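Hi,

Here is the structure I promised to pass on to you. Have a look at it first, and then read on for what turned up in it.

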Amino acid sequence: MPELPEVETVRRGLAPAMEGHVIERAEIRRPDLRWPLPARMAERLQGARVIMLRRRSKYLLADLSSGESLLIHLGMSGRMLVSGTMPGNFHHPHPAAQKHDHVVLHMDAGARVTFNDARRFGAMDLMATDAAASHWLLRDIGPEPFGNEFDEDYLVARLKGRASPIKTALLDQRVVAGLGNIYASEVLHRAAIDPRRAAGRISAARVAALVPIIRQVLSEAIEAGGSSLRDHRQTDGELGYFQHVFRVYDREGAPCPRPGCNGTIRRITQGGRSSYLCPSCQR
Ligand code: ZN
């Protein structure tokens with residue numbers, strides 16, 4: 001499931017194809033993804049210029065000249081494919097339509113943006129741009145990890161007295177936007193905190209230290225996404241799922257990468273999901 005860095009990578013890959021360009025035609029090939037697509041979606045998109053493509057948590061928002069915004073969520077398996085020519089950028093021939101291509105945006109400069117989603121956990125919606133923040137999928141999401149609102153005092157106050165494990169607390173989108181199962185494990189390893197510890201029982205100093213670590217782990221992943229984007233431009237135009245070297249995630253049995261630690265990475269299950277940790281250095 002894409003987390004913040006993957007969605008940010010998709011945004012950066014789509015921006016040259018979409019920002020400043022008019023949607024000449026929108027092909028909507030089915031009435032629903034996870035939920036029904038908005039009424040008259042093709043007509044509402046046609047002729048609109050994309051003013052800005054932004055990201056909120058794991059959602060993309062294309063602000064349109066029509067006064068509406070197109071919300072895009074990749075869900076579990078959603079993929080974005082860019083094809084055609086972008087000035088000074090790259091060229092991928094338009095691929096033949098694939099089975100799970102559900103929405104295709106034909107841009108005026110010749111680029112084509114295809115949303116493919118085999119499992120259809122993805123979502124799209126249209127709303128007034130000035131009401132986007134109160135959209136039901138966005139209104140309860142907490143601060144962006146790179147935003148000013150997310151700081152040491154905020155996180156310490158937010159986790160104070162919380163009985164749930166710290167990993168679960170970090171996955172709570174109301175606490176911080178965009179962290180998922182992969183990067184929560186990575187963050188806690190870097191912070192040397194055991195993911196099972198009750199959030200409210202970790203010292204304020206250690207909780208505060210999570211703020212720069214979260215930013216660092218996500219920045220590094222976004223950077224890795226950026227380099228994969230440059231590679232993908234030469235390959236197939238698919239955006240977002242990049243090879244990133246994780247320190248603990250999916251590395252059960254591997255030696256702990258922390259210098260001086262002789263531990264072995266273990267996988268445990270928390271709330272039905274895998275957590276990876278080094279029991280030797282994460283306390
Ligand atoms: Zn270790």
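Strands β2 (residues 50–56) and β3 run antiparallel and are joined by six bridges. Please keep in mind throughout that this is a predicted model. Within that pairing, Arg-54 has Leu-61 of β3 as its bridge partner. The two strands make a hairpin with two residues between them, and Ser-57 in the turn has a positive phi of about 55 degrees.

On its other pairing, β3 is linked to strand β4 (residues 68–73) by five bridges, and this pair also runs antiparallel. Leu-61 turns up again here, standing opposite Leu-71 in β4. This is a hairpin as well, with three residues between β3 and β4, and the turn residue Gly-67 has a positive phi of about 90 degrees.

So how enclosed is β3 (residues 59–64)? Six of its six residues are buried, so the strand is largely enclosed by the rest of the structure. In a regular strand, side chains alternate between the two faces of the sheet. In β3, Tyr-59, Leu-61 and Asp-63 point one way, while Leu-60, Ala-62 and Leu-64 point the other way. Both sets are buried, Asp-63 included.

Next, the cavity search. Over the whole structure, one cavity of 30 Å³ or more was found. The largest cavity holds about 40 Å³ of space. Which residues line it? They are Leu-70, Ile-72, Met-80, Val-103, Leu-105, Val-113, Phe-115 and Met-124. Strand β4 is one of the elements that give two or more residues to this lining, along with β7 (101–107) and β8 (112–116). By residue class, the lining has eight nonpolar residues, no polar ones and no charged ones.

Finally, do look at helix α5 (residues 181–190). An α-helix has 3.6 residues a turn, so residues three or four places apart point the same way. In α5 the buried residues include Ile-182, Tyr-183, Val-187 and Leu-188. Also among them are Glu-186, His-189 and Arg-190. After the helix comes Ala-192, which has a positive phi, near 60 degrees.

Best wishes

Definitions and conventions
Residues are numbered from 1 along each chain as its sequence is written. This is a predicted model: local features need pLDDT of at least 70, side-chain atom pairs count only at pLDDT 80 or more; totals for chains, interfaces and linings use all residues. Side-chain values use heavy atoms; hydrogens and water are left out. Buried means under 20% relative accessible area, exposed over 50%, partly exposed in between (1.4 Å probe, protein chains only). Helices (H or I, at least four residues) and strands (E, at least two) are DSSP runs, numbered from the N terminus. Two strands pair if DSSP finds at least two bridges between them. On a 1 Å grid over the protein atoms alone, a cavity is a set of points where a 1.4 Å probe fits but cannot get out, and a pocket is an open set with protein on both sides within 12 Å along at least five of seven lines; lining residues have an atom within 4 Å of a point. Grid points are joined across faces, edges and corners, and a volume is the space filled by probe spheres set on the points. Ala, Val, Leu, Ile, Met, Phe, Trp, Tyr, Cys and Pro count as nonpolar, Asp, Glu, Lys and Arg as charged, and the others, Gly among them, as polar.
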